[in-house]
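Dear colleague,

Please find below the structure I promised to hand over. My notes on it follow directly after.

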Amino acid sequence: MGNSSTVNFFFIASVISYLLLSHGHLAKAVTTVGGKEQWQLLLKNTGVIAMHMALSHDNTVIMFDQTDKGPTRYKISSKECTNSSCYAHSVEYNIRSNTIRPLHINSNTWYSSGSLNSNGTLVQTGGFGLGSRRIHHFEPCVEGHCDWKQGSKLLSAHRWYASNLRLPENDRIIVVGGRGVFSYEFVPKRAPQETSFELPFLHRTLDKNGEENNLYPFVHLSSDGNLFIFANRDSILFNYKRNLVVKSFPRIPGRGSRSYPSSGSSVILPLHHKDGFKKVEVLICGGSAPGAFSAAQHGIYLQGTSTCGRMVITGPIHMWKMERMPGPRLMNDMIIIPNGDILIINGAQNGSAGSNCASNPSYNPYLYKPKKPLGKRFQVLKATKIARLHHSSALLLPDGRVLIAGSNPNNNYTLRNVPHPTELRLQAFIPGHMNKAFGDRRPQNVSIYTTTNEVSAGYGKEFTVKFLLEKKELHHLKEQVSFTAYAPPFTTHSISMNQRLLVLKCNNIVRSEDGAITALVEAPPSQKVAPSGFYMLSVVNNGIPSTSVWIKFTEK
């Protein structure tokens with residue numbers, strides 16, 4: 001796990017590298033093709049480790065690291081100095097121009113959490129030291145001059161390694177757990193004198209042998225408005241309004257833990273209009289062996305787990321259904337693709353999360369197809385050549401690519417003479433369905449029309465989607481075409497907080513004489529199903545998704 005040792009190593013980057021970064025010059029992306037999938041090198045140096053990432057509806061990506069590890073590789077001061085204040089610790093990546101610009105964040109955001117609120121503002125909570133009670137806001141802007149703002153109010157408790165989830169009410173966020181903190185709290189508070197609330201479940205799931213294994217708990221919003229909270233190997237359904245455990249679920253089978261520092265990952269599988277979005281099923285994959293973190297302190301890297309567990313958390317019957325990945329994995333990210341498949345990417349095969357605690361990087365992503373029969377759901381994809389270990393992240397982009405950044409298992413920025421140097425290269429993984437061979441099946445020119453001035457739709461209301469398909473693909477439109485809405489997450493330490501995918505109801509679809517296809521699509525029914533805010537809407541034709549366009553779901 002992380003520590004706060006001072007920096008005793010400083011690598012002087014070349015003058016050319018600094019000039020390219022500080023002036024935001026366009027970098028040429030290099031694409032590696034293999035099979036149907038592709039790997040694309042976007043930038044050789046982001047300047048800052050992407051320990052935390054979030055996508056804005058202005059099609060930029062906010063990345064930030066921590067402030068107490070000395071110089072990053074993005075100098076923002078012309079002064080002759082080496083202290084932390086002379087360097088950026090956060091950057092904004094512009095997807096279209098493939099450039100970055102520096103941002104200024106004041107307190108230490110190491111091991112923090114975050115959520116996007118309904119207007120697209122990124123709300124960051126907690127961190128380390130003086131930053132552990134801080135709240136920062138980043139409101140994206142088209143002009144590119146916006147920056148972080150530090151809030152005047154503090155969290156009630158020190159939130160280091162906490163998780164974050166936006167609730168289906170009034171842009172309120174719940175912050176759960178943290179190191180040595182067994183409680184939750186709300187941002188903003190529900191009442192002026194409100195503090196935090198004890199959550200005994202977090203006490204019960206703490207491994208008291210120094211492993212902990214209940215940090216960064218998995219938190220998902222169920223469509224009934226309750227929260228699924230998973231820590232270590234156990235989970236509950238929690239009514240946050242009444243501070244009440246509604247039910248305790250069975251322990252996930254197998255040895256070892258799934259929560260930090262064992263660091264598996266979790267998603268809720270796509271929610272579907274056919275059952276009224278009522279069925280909610282959780283998928284958890286990866287994790288570490290018992291004692292893995294302690295063993296790693298002595299240079300012994302135990303093999304991680306190769307299992308995944310699925311469980312329906314709604315209804316009366318709850319049972320984990322276990323299956324095996326193609327290999328062991330931990331510190332993996334899980335990204336929901338617009339067609340409903342799950343991409344498992346990044347991580348290692350041995351050890352645990354923490355500084356220099358893992359070995360044997362997982363270079364091959366896995367594709368998990370949840371609708372396939374058991375035993376046929378996993379597919380091994382083309383390998384990258386770049387190790388993505390501790391402090392790496394992954395994020396779905398509107399064009400369908402998956403942005404891959406970060407990795408720093410070292411105690412500071414260390415670019416040489418270590419097994420796994422600090423990684424500042426920025427990549428995109430291009431899924432196989434984006435291959436040109438599927439171009440004739442891909443919906444094109446997607447646009448959304450609503451009754452408001454902005455592209456937004458009220459809950460349960462219809463909105464119009466227009467797009468194009470080649471004629472030979474026009475067989476049974478209503479059966480072959482679906483519409484999905486994706487909530488962009490805040491991603492850090494193998495958790496994509498607030499990530500969810502909805503399969504929306506299409507009430508009518510027709511093709512006009514000019515070849516355009518027009519569909520009447522129905523927005524989700526409530527905030528419990530889809531908290532208000534910006535979503536990426538995709539048209540999916542027989543498993544091939546379009547480029548996503550933004551839509552806002554709102555009460556109005």
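Please bear in mind that this is a predicted model.

As to the overall fold, the secondary structure comprises 4 helices and 43 strands. The C-alpha atoms occupy a box of roughly 70 × 55 × 50 Å along the principal axes. The radius of gyration is 22 Å, which agrees with the value near 24 Å that a compact globule of 556 residues would have. Of the 556 residues, 62% are buried. Among contacts between residues at least 6 apart in sequence, 61% join residues that are at least 24 apart.

The aromatic residues deserve a separate paragraph. A pair of aromatic rings is described by the distance of the centres and the angle of the planes. The count for this protein comes to 28 aromatic pairs. One of them is formed by Tyr111 and Trp160: the ring centres lie 6.1 Å apart and the planes stand at 75 degrees, over the cut-off of 60, so the pair is edge-to-face. Tyr111 belongs to the loop between β6 (99-103) and β7 (113-116), while Trp160 belongs to the loop between β10 (149-150) and β11 (163-166), so that the pair links parts of the chain 49 residues apart. Both Tyr111 and Trp160 are buried.

A second example is Phe230 with Trp320, whose ring centres are 6.3 Å apart and whose planes are at 85 degrees; this pair is therefore edge-to-face. Since Phe230 sits in strand β16 (residues 227-231) and Trp320 in the loop between β22 (307-312) and β23 (321-324), the pair ties together parts that are 90 residues apart in sequence. Phe230 and Trp320 are both buried.

Tyr111 and Trp160 also belong to one aromatic cluster, whose other members are Trp110, Phe128, Tyr161, Tyr216 and Tyr260.

Finally, I would draw your attention to Thr109, which lies in the loop between β6 and β7. Its relative accessible area is 0%, so Thr109 is buried. Leaving aside residues up to four places away in sequence, Thr109 touches His52, Phe64, Asp65, Gln66, Gln124, Gly126, Gly127 and His136. Leu469, by contrast, is 360 residues from Thr109 in sequence and 45 Å from Thr109 in space, C-alpha to C-alpha.

With kind regards

Terms used: Residues are numbered from 1 along each chain as its sequence is written. This is a predicted model: local features need pLDDT of at least 70, side-chain atom pairs count only at pLDDT 80 or more; totals for chains, interfaces and linings use all residues. Side-chain values use heavy atoms; hydrogens and water are left out. Helices (H or I, at least four residues) and strands (E, at least two) are DSSP runs, numbered from the N terminus. The radius of gyration is taken over C-alpha atoms; the globule rule is 2.2 Å times the number of residues to the power 0.38. Buried means under 20% relative accessible area, exposed over 50%, partly exposed in between (1.4 Å probe, protein chains only). Contact means heavy atoms within 4.5 Å. Rings of Phe, Tyr and Trp (its six-membered ring) pair if their centres lie within 6.5 Å; planes under 30 degrees apart count as stacked, over 60 as edge-to-face and the rest as tilted.
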